[in-house]
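This report describes a structural model, taking its packing, contacts, sheet and backbone details in turn. The sequence and coordinates come next.

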Amino acid sequence: MIDLNRVSKVFDGKRRATALENVELHIPRGEVVSIVGPSGSGKSTLLNLIGGLDRPSSGEIRIEGENLAQLSDDGLTRVRRDKIGFIFQFFNLLPTLNCLENVALPLHLRNWPRKKIEDRANELLDLVQLGHRVEHLPEELSGGERQRVAIARALSVYPPILLADEPTGNLDSRTGEEILRLIQDLHARLGSTVLIVTHDMGVAAQCARTIRLRDGRIEGDNRR
Amino acid sequence: MMLLRLLSWPYLKKHVLRWALTIAGIVLGVAVFVAMHVANRSVHAAFEKTVQKIAGSAQLQVSAGEFGFPEEVLEQVQNVPEVGVAVPVIESTVETGIRTQGSILILGIDMTGDRSLRDYELDSADESIIDDPLVFLAQPDSLLITREFAERNGLALNAKIPLFTVQGEKQFTVRGIMSSTGMAQAFGGNLAIMDIYALQLVLGRGRRFDRIEIKAKDGVRLDECKAAVQRAVGPGFEIDPPSSRGQHFDALMQSYTTATGVSSLFAMVVGMFIIYNSFSIAVTQRRSEIGILRALGATRSQVQRLFLLESVVAGFLGSMLGVLAGMGMAVGVSSYMGDLTEQVVGVAQRLDELAVDPWLIVGALAIGIGTSVVAAWIPARSAARVDPIQALQKGKYQVLSAGENRRRRAGAAVLVVISGVCLFFNNWKPAFYTGYILMILAGLLIAPAVSLLLAKALRPALKKFLPAEGTLAADSLIQSPRRTSATVSALMLSLAMVVGFGGFTNSIYVSMDEWMSTALNPDFFVAHSANLTNRSITFPAEVGQTIESVEGVDQVQLVRDARVIYGGTPIMVVSVETEKLLSKVKRVPLAGNSKEMHALTAAGKGAIISDGFSSMRHVTLGDMLDIPTPSGLLKLPVAGVIRDYSDLQGAVFIDRSVYLKYWNDTTVNVVRVYLRKDADAAEVKRRITDSLSGKYRLLVMTNSEVRAYVLKLMDQWFSMTYNQIAVAILVAVLGIVNTLTVSITDRRRELGVMQAVGGLRNQIRRTVWLEAIGIGIIGLVLGMGLGAVNLYYSLGMIQRDLGGLDLDYIYPVGFMSLMIPTILSAAFIAAVGPAESAVRGSLVEALEYE
Amino acid sequence: MSRFILALVLAVSGGMPAFAQDGKQIVEEAQRRARSGSQRYEGTLQVIDAKTKVTEKRWVFDRIGSHGNSKAVLRFTAPAEVKGMALLIVNHPDRSSDQWMWTPSLARERRIAMQDRSTRFFGTDFSFEDLEERDTNQFDYKLLAEESFVGTPCWKIESRPKSTKSSQYTHSILWIRKDNYVLAQIENFRNAGLIRRIKYSDIRSVQGFWTAHTTEVEDLKRNSRTVLKLEKLQYNLPMKDEDFTLQAIRREG
């Protein structure tokens with residue numbers, strides 16, 4: 001499903017910083033994996049590389065057998081749009097769009113027919129139990145609700161892979177748990193592969209597999 | 001100053017492109033201003049220089065308009081005891097056969113007369129300037145040219161120069177070369193001197209002079225001399241210092257300079273909005289920085305001063321560059337204007353250098369900096385008002401508060417009401433212009449509110465069109481009115497100017513067309529050259545008889561027109577054969593009764609005036625005209641007012657019999673020829689040319705050629721203003737680039753999210769393009785609206801102060817429908833760069849962007 | 001114009017020897033002796049400029065009447081470019097002369113309004129002033145010396161224009177031959193500088209009038225000179241007044 005072969009990422013700035021070094025990783029279909037590590041250990045970088053938001057300095061990343069390095073920018077985008085859903089720490093909802101529009105955005109970008117988009121968006125909002133807030137703007141929602149909208153958006157095409165970067169990081173612990181439960185629940189129902197970057201060991205504990213990163217290297221890989 | 005270096009410089013470095021765009025706004029505004037003024041000034045200076053160099057030390061000139069006067073007047077003037085020296089002059093530009101030289105100014109003077117007025121012989125001459133004065137006089141083909149002209153064309157003594165005279169192309173002989181000082185500098189060195197009597201023949205003038213130049217007798221005051229000469233020659237003559245020709249020239253150019261002045265002002269205002277825009281954006285973007293400053297103890301006025309200082313620096317840089325660019329542009333503009341004055345006004349002058357008034361440069365710098373500071377004032381004030389606590393909290397940018405919007409709307413309403421009131425006092429000049437200015441201001445005040453409304457209205461449409469990209473583009477417009485409204489305002493102003501101008505030209509073309517089809521209806525026009533504004537070459541009336549006897553010709557009408565000075569400024573006097581004209585041209589007078597008007601004029605008991613003359617000189621039906629003629633003042637009542645575009649200064653039509661009597665001149669400069677119904681035009685044209693060949697070199701122009709010529713003149717007259725409009729639009733488009741550059745920075749995260757959730761690069765581009773097009777659409781709607789108002793006032797201004805033309809209000813629908821694709825494609829082009837930079841750059845950073 | 005011709009002719013006309021006490025009387029005597037009822041000659045005028053380029057013109061000169069009341073017609077005969085051009089000069093005792101020029105190629109006459117007398121006469125080295133009749137009352141004369149000029153005894157006389165008389169020169173020096181009262185040389189000065197020198201030579205008696213047949217003007221500033229030679233000189237021929245009118249010069253042209 002997700003294969004990383006000797007992946008390194010070096011940032012060229014005033015100081016060269018190695019974010020990832022020779023990472024080897026294989027994540028089979030349907031697994032729920034948490035990536036933990038102190039800040040700066042490279043966990044977000046890893047997620048960005050897998051999500052095709054960034055390109056590795058060396059090494060090979062394959063998503064369902066497709067080598068990301070060989071894809072153009074638009075090719076990468078196609079992989080993202082068809083196979084990957086993103087959940088961000090700061091939700092990254094578009095403030096000017098209401099819930100429905102936010103969820104519908106990826107579908108519009110795929111040029112789905114209008115009717116189908118509306119049905120799907122409503123379906124997704126129901127799925128995250130926000131069917132009653134369709135017309136609301138993000139700023140009118142609580143943090144948990146916003147994250148649920150973001151999750152609905154990430155699920156828009158029911159992608160095989162769901163990437164979450166600190167999904168609970170900006171929420172109080174109760175809401176965080178709710179969100180986590182929602183993700184688990186969705187995983188159970190939809191069978192997606194889920195990668196969660198977190199520094200919350202409680203979150204990690206609920207995942208079947210935990211990958212521990214330190215200084216850009218995999219320090220531990222435990223299956224529960 | 002310290003703050004400026006510490007804070008502004010890093011920001012500037014980070015946003016080099018934006019500052020470049022801002023400065024470009026000032027550069028363009030100032031450049032246009034400088035170019036127009038330098039060009040105006042240079043053309044004027046070139047004319048004045050020519051006048052002054054030619055006049056030499058003459059103190060007064062005796063003239064009677066362009067018609068000239070009989071030779072006998074010279075003796076009358078010479079016999080005035082107060083006159084020291086009096087010499088006759090004829091002056092004309094003549095087409096040379098040398099391809100690259102165009103026309104040459106020929107000055108006819110009495111070579112045996114006094115030379116104390118003009119120095120064309122060197123004091124230190126060790127060779128004679130004129131090879132042999134006696135031969136020079138004996139041979140009518142003798143020319144004295146300037147050394148510069150000789151060198152430019154490789155001409156030596158006894159070389160031949162082809163000139164187009166009334167008898168056709170004839171060879172003239174260089175019999176002398178002037179040194180390149182003194183008079184030779186006139187007309188850019190393209191000056192030749194001929195014996196005045198020989199020149200009379202060349203120009204077909206008969207025994208007439210154009211003017212007499214006078215030096216008062218030693219010890220006689222100039223006003224005494226002037227009064228004495230005036231008594232001797234009568235009131236039909238102008239006796240003025242040579243410099244008055246410069247004033248007349250200015251009067252001829254006045255409508256043009258005003259028009260260019262107004263549009264360069266518009267360009268400036270448009271530039272101002274770009275600056276305003278930039279500063280507003282800078283203030284919003286630097287809110288946290290301002291917050292820190294305030295938290296560290298900076299006072300409000302310090303913050304305000306910081307921004308104003310920045311604007312001074314930007315204004316200074318922009319103005320400096322603008323002055324340089326303007327000087328560069330002025331070279332082209334001046335030579336264009338030089339041609340224009342020759343073509344349209346019929347006053348030739350030749351530019352050899354730019355006249356730069358240091359005060360103009362100072363003024364341009366002041367205007368540039370002033371504009372910049374004024375534009376930055378409001379942003380600087382709002383920077384000072386930034387609340388440090390709020391500013392330090394991350395979050396959305398401040399949007400225009402509802403209260404502010406309400407105040408603006410209220411202000412606009414008040415202004416509209418006041419200008420409405422002004423409309424009732426339209427006849428009073430200050431009220432008219434106050435109304436005009438207030439209306440434009442009102443437009444500017446409500447522009448943000450209206451553009452918000454329009455953006456909201458656009459959202460569903462755009463959403464329909466491209467749901468994801470369209471919605472986001474519209475939202476971007478709605479979300480930050482500060483970002484868009486200034487650009488939209490700039491665009492609105494530019495377009496309002498386009499509407500005003502387009503409407504005016506449209507109306508004038510419509511009216512011109514109507515005029516041409518009624519008044520300019522002969523089948524042929526016979527004249528010396530295709531340049532009908534050149535009236536310095538005339539021919540005898542017998543040409544008319546010759547043409548009339550040609551088979552196929554039905555009727556021939558003789559026309560002689562020229563400028564005379566009426567009330568201090570030039571007007572056009574056109575002498576026509578009224579009865580013949582009436583039989584062919586049916587004109588409906590604006591005032592007066594057609595039958596009576598023609599009868600009175602034909603009988604020499606009245607004159608017909610053009611509407612322009614009527615409104616500029618405040619003369620109407622029944623008023624007395626005092627037209628100066630060599631035989632004294634010609635007093636004629638206005639028998640009728642007609643719509644006529646013969647001349648921008650206004651025209652007075654008199655009967656040819658009156659002309660013959662008062663001017664004592666039988667020459668003609670245009671012959672209107674009507675053919676028999678069954679005649680073959682091409683064949684008759686050939687026969688006319690044949691009948692004249694050998695004696696006169698005259699051009700037979702068909703009706704459509706003359707119409708095309710008139711339209712070409714119009715186009716020429718307007719093209720400079722078109723260019724200025726193009727500049728204004730360019731400035732506005734720069735504003736769009738500016739706005740979008742900021743917009744994509746502001747929306748970096750949003751665009752990143754779009755890409756993260758699957759937006760392809762083209763989809764990202766499209767949303768940027770759509771935003772630009774949205775600005776374009778809003779600008780178009782607002783501009784067309786304000787344009788309707790501007791057009792109303794422009795037409796008023798034209799009737800009131802420029803040319804006195806009473807034009808119908810016709811909204812330039814066709815012209816504006818051309819503007820829609822133009823502006824939208826310009827907006828699109830403006831968006832290309834920003835859109836590209838939106839899809840480049842790191843996604844990861846974009847998503848983390850705060 | 002006429003004055004120039006007259007002066008030229010008068011100045012070169014001879015006279016009898018006499019005693020003279022002061023400069024003015026000598027000059028007046030010279031003028032008196034030159035007086036004749038009419039005159040005709042064919043003149044050849046050569047201008048030799050600084051580059052020794054020579055231009056030549058020829059004319060026929062007729063004069064009727066004498067000092068102050070004369071009329072003259074000067075008609076150019078060569079070169080071809082100027083052939084047919086004619087000058088008519090009508091002198092008046094009380095005011096400046098009227099002058100007309102007939103230009104055959106333009107088929108019209110023009111009035112010559114000469115207002116600046118320092119102007120050169122049609123490209124020659126004569127200025128118009130050099131060619132004027134001298135009214136002796138307008139000048140102060142001083143006999144400077146008696147000296148020999150080109151082997152002939154002469155009076156050397158200084159003439160200065162009176163304050164009422166405007167002149168391009170501050171003073172002139174005249175050499176008048178003692179034997180026949182004919183002018184032998186004039187030097188014209190502006191301040192200390194010599195500007196023009198006019199030499200008279202080939203002095204012969206024609207019908208009792210001593211006349212210089214060659215006049216040479218030298219312009220020292222321009223470094224050029226002009227030589228006028230008279231041929232077929234005759235005095236007191238019968239001439240008609242009506243040949244000295246505008247109509248007449250038009251007709252002949």
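## Nonpolar core

The largest nonpolar core holds 381 residues, and those with the most contacts inside it are B:Val77, B:Ile214 and C:Ile176. Helix 2 of chain B (residues 16-55) supplies the largest share of this core, 23 residues. The model is a predicted one. As a general background, nonpolar side chains in soluble globular proteins tend to be buried together.

B:Ile214 can be followed through its neighbours. Leaving out residues up to four places away in sequence, B:Ile214 touches B:Ala58, B:Gln59, B:Leu60, B:Val62, B:Val77, B:Val83, B:Val85, B:Ala86, B:Cys225 and B:Val229. One of these neighbours, B:Val77, is also listed with B:Ile214 among the residues with the most contacts inside the core.

## Confidence

Chain A has a mean pLDDT of 85, with 99% of its residues at 70 or more. Within chain A, the lowest confidence falls in helix 7 (residues 201-205), at a mean of 83, and the highest in strand 8 (residues 193-197), at 90.

Chain B averages a pLDDT of 82, and 93% of its residues score at least 70. Among the elements of chain B, the lowest mean pLDDT, 66, belongs to helix 12 (residues 388-392), and the highest, 93, to strand 18 (residues 651-655). Residues 121-128 of chain B stay under 50, and the model gives this stretch 7 contacts beyond four places in sequence. Residues 394-400 of chain B are also below 50 in pLDDT, and that stretch has 10 contacts in the model beyond near neighbours in sequence.

## The contact between chains A and B

This contact takes 21 residues from chain A and 20 residues from chain B. On the side of chain B that touches chain A, the elements giving two or more residues are helix 15 (467-479), helix 24 (748-756), helix 25 (761-801) and helix 27 (843-848) of chain B. Helix 15 of chain B gives the most, with 6 residues. By residue class, the side of chain B that touches chain A divides into 10 nonpolar, 6 polar and 4 charged residues.

## An open sheet in chain A

In chain A, 6 strands form an open sheet with mixed pairing, in the order 6-7-8-3-9-10. Strand 6 (84-87) and strand 10 (217-223) of chain A are at the edges with a single partner strand each, so one side of each has no neighbour in the sheet. Direction ignored, neighbouring strands of this sheet are turned by 15° against each other on average.

Strand 3 (residues 32-36) and strand 9 (residues 209-214) of chain A pair in the parallel sense over 4 bridges. A:Val33 has A:Arg209 as its bridge partner in strand 9 of chain A. In general, the strands of a sheet pair through backbone hydrogen bonds, either parallel or antiparallel.

## Backbone details in loops

A:Asn111 has a phi near 60°, a positive value in a residue other than glycine. A:Asn111 is found in the loop between helix 3 (99-109) and helix 4 (114-127) of chain A. A:Asn111 counts as exposed because 11 other C-beta atoms lie within 10 Å, and the cut-off for exposed is 12 or fewer.

C:Asn236 also has a positive phi, about 50°, although it is not a glycine. C:Asn236 is found in the loop between strand 13 (224-235) and helix 3 (246-252) of chain C. With 13 C-beta neighbours inside 10 Å, C:Asn236 counts as partly exposed. Chain C also contains a cis peptide bond, which joins C:Ala78 and C:Pro79 with an omega of about -5°. C:Pro79 is found in the loop between strand 3 (71-78) and strand 4 (86-90) of chain C.

## Chain C as a whole

Chain C has 3 helices and 13 strands. Of its 253 residues, 43% count as buried. For contacts in chain C with a separation of 6 or more, residues 24 or more positions apart account for 48%.

B:Phe249 is found in helix 8 (residues 244-285) of chain B. B:Phe249 is buried, since 21 other C-beta atoms lie within 10 Å. From C-alpha to C-alpha, B:Phe249 and B:Ser837 are 53 Å apart in space, and they are 588 residues apart in sequence.

Technical notes. Residues are numbered from 1 along each chain as its sequence is written. Chains are lettered from A and ligands numbered from 1 in the order in which they are written. This is a predicted model: local features need pLDDT of at least 70, side-chain atom pairs count only at pLDDT 80 or more; totals for chains, interfaces and linings use all residues. Two strands pair if DSSP finds at least two bridges between them. Axes are lines fitted to C-alpha atoms, for helices over the stretch in contact, and angles run from 0 to 180 degrees between N-to-C directions. pLDDT is the predictor's confidence in each residue, from 0 to 100. Two residues are in contact if their C-beta atoms, placed from the backbone, lie within 7 Å. A nonpolar core is a set of buried Ala, Val, Leu, Ile, Met, Phe, Trp, Tyr and Cys residues joined through C-beta atoms within 7 Å. A residue is buried if 20 or more other C-beta atoms lie within 10 Å of its own, exposed if 12 or fewer, and partly exposed in between; C-beta atoms are placed from the backbone. Ala, Val, Leu, Ile, Met, Phe, Trp, Tyr, Cys and Pro count as nonpolar, Asp, Glu, Lys and Arg as charged, and the others, Gly among them, as polar.
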